[in-house]
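This briefing is for a reader new to the structure shown below.

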2 protein chains.
Amino acid sequence: MPQSEIDAIRTLLTVKPRPVGWAERRARLDEVGSTWSPADDIKCKAVDCDGVRGEWSIAPGSDTKKVLLYFHGGGYCSGSIVSHRRLVTEAGRAAKMRTLAIDYRLAPEHPFPAQHEDALTAWRFLRKQGLDARNIAVGGDSAGGNLALSLISRLRAAGEARPACAWLVSPWTDLTMSGATLASRDLVDPLIHKAYLEELADAYAPEPTDLTDPLISPLFANFSRFPPMLIQVGSAETLLSDATRLAEAAGAADVEVRLEVWPHMIHAWPLWNAALADGRRALAAAGDFIRARIP
Amino acid sequence: MPQSEIDAIRTLLTVKPRPVGWAERRARLDEVGSTWSPADDIKCKAVDCDGVRGEWSIAPGSDTKKVLLYFHGGGYCSGSIVSHRRLVTEAGRAAKMRTLAIDYRLAPEHPFPAQHEDALTAWRFLRKQGLDARNIAVGGDSAGGNLALSLISRLRAAGEARPACAWLVSPWTDLTMSGATLASRDLVDPLIHKAYLEELADAYAPEPTDLTDPLISPLFANFSRFPPMLIQVGSAETLLSDATRLAEAAGAADVEVRLEVWPHMIHAWPLWNAALADGRRALAAAGDFIRARIP
């Protein structure tokens, strides 16, 4: 049997063990995330979002009046504009809009709520550019999905306009780690395991922070008046039930929800879209979802 | 505030209380389900599927070589070709294929597994017409979704080819009634409540039948090698968690799953598509899903 595309990505990710130190982990995620460069026709430009580092991207023919505001994953402790550039830029192409990727501060140097402050700053920066909230989608993978959901809660609490929709890839929604698939998918998931998540959660929200706080574990949030959300998750993920339980909780609050489970895909698989047809297909589906809600 | 379309359907359904006798309940579901006739351009034709009553339907321009095999809802005790004709015929139009609706035997006169036998007979009848399994989609709402899932389990057990995809509207997947939304959505759901479901379950699978049998409660089935499935459910349903838990269970078995939660929609809302834009939109989404898998 020939090696499948996803097996090749698994090999890429597991050929070296995960490093121990934070600096080494950040370098490693930047390395594996940027295995494939952005496409040649993408234009990227650094931007200072009122003190928070960001990067604009645009593909030919995209609408500059619409923006996908994106928060990278990495457990709140790693990940960057560099690691997620290929994902974000191709998502923008699929959604036919500009993207703004955010380099929010990382834990453990900057624990919760520094990331929320940076997300709010980036959102307000974007609004000050003259963008209507109805023309902004927010997106994020893993901890970035957590941050996108928390941003919406913060905007609602502040009485500010919310984005038109949310796109969440493999979101980490429950930092209490109560999901059933953390155990049942442990052997099949090459990346995310409970002990590692506990280390990340402790760095991001050290004791005595209450991990059931809905701003930390958005699974427990009140989703009333949340915008439509697309949740994409791989079947080979310990975080599968973080996604399915989010769908139920948001749906029960009368939110429009679409959940997609992608067979055999692993955590945040659209990162490797350059070499993974299901990564490209997931981005195309996300682009369709976003464009239907930001017409 | 003007009355919304869904409020008008709620009024239609609750203006009279649910009757007590089985015959009266069947008449009532036929009445509210056929409030709107099939569209004028739909052709329907009765068919004897080797002893099981069925009905073909086709919309102009649909492909006669592809079929949506449909099982109506009604708690295994009511529902018919008549009650579901508007839903099935418009689903066929959206999927651009013929439909075959099945009048399987009803409980309590015919308890489990009579319905499974009829579903298998209908499936095999269809195959004998020369249809490739890859050109057949199976669909069902409520108990009909349960039956569609059970049919796939039976086909797998028998070593027979499975349909190309499954489309499940408000599926009743757990006859043990362990879903959290049975309680949390009880007040908002106008149709489906736990005591009623218990009455239906007792008629369909009387004691000492084990309700955890995966053929009775497909939530507990092994979903290995199931075809892609689209699950559509309303947010105003006690059966919301029957749908979300199905998505998790099937997804964990590496099945391609799309779950859609439709805000404010009630149990099996596409029945009333003639007067409900979200019913038409749900059918359009189902049609797109099916056509993408039966190209």
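**Nonpolar core**

Leaving aside residues up to four places away in sequence, A:L69 is in contact with A:L100, A:I102, A:A122, A:W123, A:L126, A:I136, A:A137, A:V138, A:G139 and A:L151. A:L69 also belongs to the largest nonpolar core, which has 198 residues. The model is a predicted one.

- The members of the largest nonpolar core that touch the most other members are A:L69, A:W167, A:M229, B:L69, B:W167 and B:M229.

**Relation of the two chains**

**Largest pocket**

- The largest pocket holds about 700 Å³ of space.
- Its lining is made up of 27 residues, and those nearest the centre of the pocket are A:R258, A:E260, B:R258, B:E260 and B:A285.
- Two or more lining residues come from each of β8 (257-262) and α9 (277-293) of chain A, and from each of β8 (257-262) and α9 (277-293) of chain B.
- Sorted by class, the lining of the largest pocket has 14 nonpolar and 13 charged residues, with no polar ones.

**Cavities**

- Two cavities of 30 Å³ or more are counted.
- The volume of the largest cavity is about 80 Å³.
- There are 15 residues in the lining of the largest cavity, and A:I81, A:H84, A:R85, A:V88 and A:A101 lie nearest its centre.
- In chain A, β2 (52-58), β3 (63-71), α3 (85-95) and β4 (97-103) each give at least two residues to this lining.
- The lining of the largest cavity has seven nonpolar, six polar and two charged residues.
- The second largest cavity contains about 40 Å³ of space.
- This second cavity is lined by B:Y70, B:H72, B:S80, B:I81, B:H84, B:R85, B:V88, B:A101 and B:I102.
- In chain B, α3 (85-95) and β4 (97-103) each contribute at least two residues to the lining of the second largest cavity.
- Five nonpolar, three polar and one charged residues form the lining of the second largest cavity.

**A buried loop residue**

- B:T173 sits in the loop of chain B between β6 (165-169) and α6 (181-184).
- The relative accessible area of B:T173 is 0%, so this residue counts as buried.
- Not counting residues up to four places away in sequence, B:T173 touches B:L149, B:S217, B:P218, B:L219, B:D242 and B:L246.

**Cis peptide bonds**

- In chain A, the peptide bond joining A:F112 and A:P113 is cis, with omega at about 10 degrees.
- A:P113 belongs to the loop of chain A between β4 and α4 (114-128).
- In chain B, a cis peptide bond runs from B:A107 to B:P108, and its omega is near 5 degrees.
- The place of B:P108 is the loop of chain B between β4 and α4 (114-128).

**Positive phi angles**

- A:R225 is not a glycine, yet its phi is positive, near 65 degrees.
- This residue, A:R225, lies in the loop of chain A between α7 (194-204) and β7 (229-234).
- A:R225 has a relative accessible area of 55% and is therefore exposed, as exposed means over 50%.
- B:S142, also a residue other than glycine, has a positive phi of about 55 degrees.
- The loop of chain B between β5 (136-141) and α5 (143-157) contains B:S142.
- With a relative accessible area of 8%, B:S142 is buried, because buried means under 20%.

Conventions. Residues numbered from 1 in each chain as written. Chains lettered and ligands numbered in written order. Predicted model: local features only at pLDDT ≥ 70, side-chain atom pairs only at ≥ 80, totals over all residues. Heavy atoms only, no water. Helix = DSSP H or I, 4+ residues; strand = E, 2+ residues; numbered from the N terminus. Buried < 20%, exposed > 50% of the residue type's maximum accessible area, 1.4 Å probe, protein only. Contact = heavy atoms within 4.5 Å. 1 Å grid on protein atoms, 1.4 Å probe; cavity = no way out; pocket = protein on both sides within 12 Å on 5 of 7 lines; lining within 4 Å. Points joined across faces, edges and corners; volume = space filled by probe spheres on them. Nonpolar A, V, L, I, M, F, W, Y, C, P; charged D, E, K, R; others polar. Core = buried A, V, L, I, M, F, W, Y, C linked by side-chain atoms within 4.5 Å.
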